[in-house]
Amino acid sequence: MTTMTRTPFRFGDAQFEWGKDVFDLQDSSPLVQSGDFDSLRARLEDEGFLFIRGFHPRALAEKAEAWVLEAIRQRGGLKEDGTISDKNETFAFFRDTAISHAPEILAMTNGQHTFSFYEQFLGGDVLTFDKRWLRAMAQGGNNGFHYDKVYVGRGTPNKFTMWSAISDIPLERGPLVMALGSHRDERLKATYGATDVDRDGADPVFSTDPREIVDYFGFKLATAHFEPGDVLIFPMLSMHSSAPNLSDHYRISIDTRYQLASEETDPRFFGENGTWQGNFADKSMKITPIAELKKQWGL
Ligand SMILES: O=C(O)CCC(=O)C(=O)O
Ligand SMILES: [Fe+2]
């Protein structure tokens, strides 16, 4: 299929043309298969992410999907035919560790294949946060553009998010979207990227408007039809969002974080059985709107 004939990428109310505003994520799985970690590190540095098709064996992702769908069904979230029920409820199983830390999920996020990848990528023993962001996004649901640093940035800066597709995630089912070059934007890194939501009360969502990201900030977007087991790996300062799920099927994904075991952790995300502190623990903290902050930053 040529770029000329592709239907535009729908991102909420906005539409973006392939090859102009939105591009296909480049698949780095051949570099993983050949064990070329030097090239993987170089590509992550260059592009601001690694997209790895089939990082998790598909069978593991399918088991994880069945596990999550059954949990949703038990909570009244599914119709008989497997589509989202009329309540249209989004499920975030973050502290529900009976679901998010079940063997069906950990086989992906804490599997030998995953740890072995990060050990080779980072060059030492690695650990992952206890908090795992297992999400089942209902229709309309998405997350705005942000750097993960503002949420999970304490401790070593040398850590990586891995967003794993559990369900099939075609373009209309709310795939993750990268803002290309945002990892090199010194102005954004020095302003928005220097905030910590729990220290500064700065609105952690940089933009909920993809047109602002493309037309005003000048970033191109990149995304893909994610299949079960595909992952995106990116550093703390690489802007991303998810597109709204326009379908009547849950978009199921999990995002987890990895770092060298020898480096300092972010204590907010470690604790037994869902007892970690997390973000927004101080309920009295006043959040300054991002529009106000952008003015202060001259953005
Ligand atoms: O899945 C989403 O909607 C957002 C994921 C995300 O922000 C992340 O993986 O860091
Ligand atoms: Fe994120």
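Reader: Which residues surround ligand 1?

Author: In this predicted model, the shell around ligand 1 consists of Arg-135, Asn-143, Asp-148, Thr-161, Trp-163, His-240, Ser-242, Ser-253 and Asp-255. Strand 8 (159-165), strand 12 (240-242) and strand 13 (251-260) are the elements that each give two or more residues to this shell.

Reader: How many residues of that shell are nonpolar, polar or charged?

Author: The shell around ligand 1 divides into one nonpolar, five polar and three charged residues.

Reader: Next, the sheet. In what order do its four strands stand?

Author: Strands of a sheet pair through backbone hydrogen bonds, either parallel or antiparallel. Here four strands form an open sheet in the order 3-10-9-12, with mixed pairing. Strand 3 and strand 12 are the edge strands, each pairing on one side only. On average, neighbouring strands of this sheet are turned by 30° against each other, direction ignored.

Reader: Which strand runs parallel to strand 10 (residues 220-223)?

Author: Strand 3 (residues 22-24) does, joined to strand 10 by three bridges. Within strand 3 and strand 10, Asp-24 stands opposite Thr-223.

Reader: In which sense do strand 9 (residues 176-180) and strand 10 pair?

Author: Strand 9 and strand 10 pair in the antiparallel sense, over three bridges. Met-178 has Ala-222 of strand 10 as its bridge partner, and Ala-179 has Leu-221 of strand 10.

Reader: Is Met-178 buried or exposed?

Author: A residue counts as buried if 20 or more other C-beta atoms lie within 10 Å of its own. Met-178, in strand 9, is buried because it has 26 other C-beta atoms within 10 Å. Leaving out residues up to four places away in sequence, Met-178 touches Gly-48, Phe-49, Leu-221, Ala-222, Ser-238 and His-240. One of these, His-240, also belongs to the shell around ligand 1. Met-178 and Met-239 are 61 residues apart in sequence, yet their C-alpha atoms are 6.2 Å apart in space.

Reader: How many residues has the largest nonpolar core?

Author: The largest nonpolar core has 74 residues, and Val-68, Leu-221, Leu-232 and Ile-233 have the most contacts inside it. Helix 3 (residues 58-74) gives the most to this core, with six residues. Beyond residues up to four places away in sequence, Val-68 touches Ile-99, Ala-136, Ile-166 and Ile-252.

Reader: Where does Phe-55 lie?

Author: Phe-55 lies in the loop between strand 4 (50-52) and helix 3.

Reader: Why is Phe-55 classed as buried?

Author: Phe-55 is buried because 24 other C-beta atoms lie within 10 Å. Apart from neighbours within four places in sequence, Phe-55 is in contact with Gly-229, Asp-230 and Val-231. Phe-55 and Leu-232 are separated by 177 residues in sequence and by 9.3 Å in space, C-alpha to C-alpha.

Reader: Finally, backbone angles. What is the phi of Asn-88, and what is that of Phe-280?

Author: Most residues other than glycine have a negative phi. Asn-88 has a positive phi, near 50°, and Phe-280 has a positive phi, near 60°. Asn-88 lies in the loop between helix 3 and strand 5 (91-92), while Phe-280 is found in the loop between strand 13 and helix 11 (290-297).

Reader: How many other C-beta atoms lie within 10 Å of Asn-88, and how many of Phe-280?

Author: Asn-88 has 13 other C-beta atoms within 10 Å, so Asn-88 is partly exposed. Phe-280 is likewise partly exposed, with 13 other C-beta atoms within 10 Å.

Definitions and conventions. Residues are numbered from 1 along each chain as its sequence is written. Chains are lettered from A and ligands numbered from 1 in the order in which they are written. This is a predicted model: local features need pLDDT of at least 70, side-chain atom pairs count only at pLDDT 80 or more; totals for chains, interfaces and linings use all residues. A residue is near a molecule or strand if its C-beta atom, placed from the backbone, lies within 6 Å of it. Ala, Val, Leu, Ile, Met, Phe, Trp, Tyr, Cys and Pro count as nonpolar, Asp, Glu, Lys and Arg as charged, and the others, Gly among them, as polar. Two strands pair if DSSP finds at least two bridges between them. A nonpolar core is a set of buried Ala, Val, Leu, Ile, Met, Phe, Trp, Tyr and Cys residues joined through C-beta atoms within 7 Å. A residue is buried if 20 or more other C-beta atoms lie within 10 Å of its own, exposed if 12 or fewer, and partly exposed in between; C-beta atoms are placed from the backbone. Two residues are in contact if their C-beta atoms, placed from the backbone, lie within 7 Å. Axes are lines fitted to C-alpha atoms, for helices over the stretch in contact, and angles run from 0 to 180 degrees between N-to-C directions.
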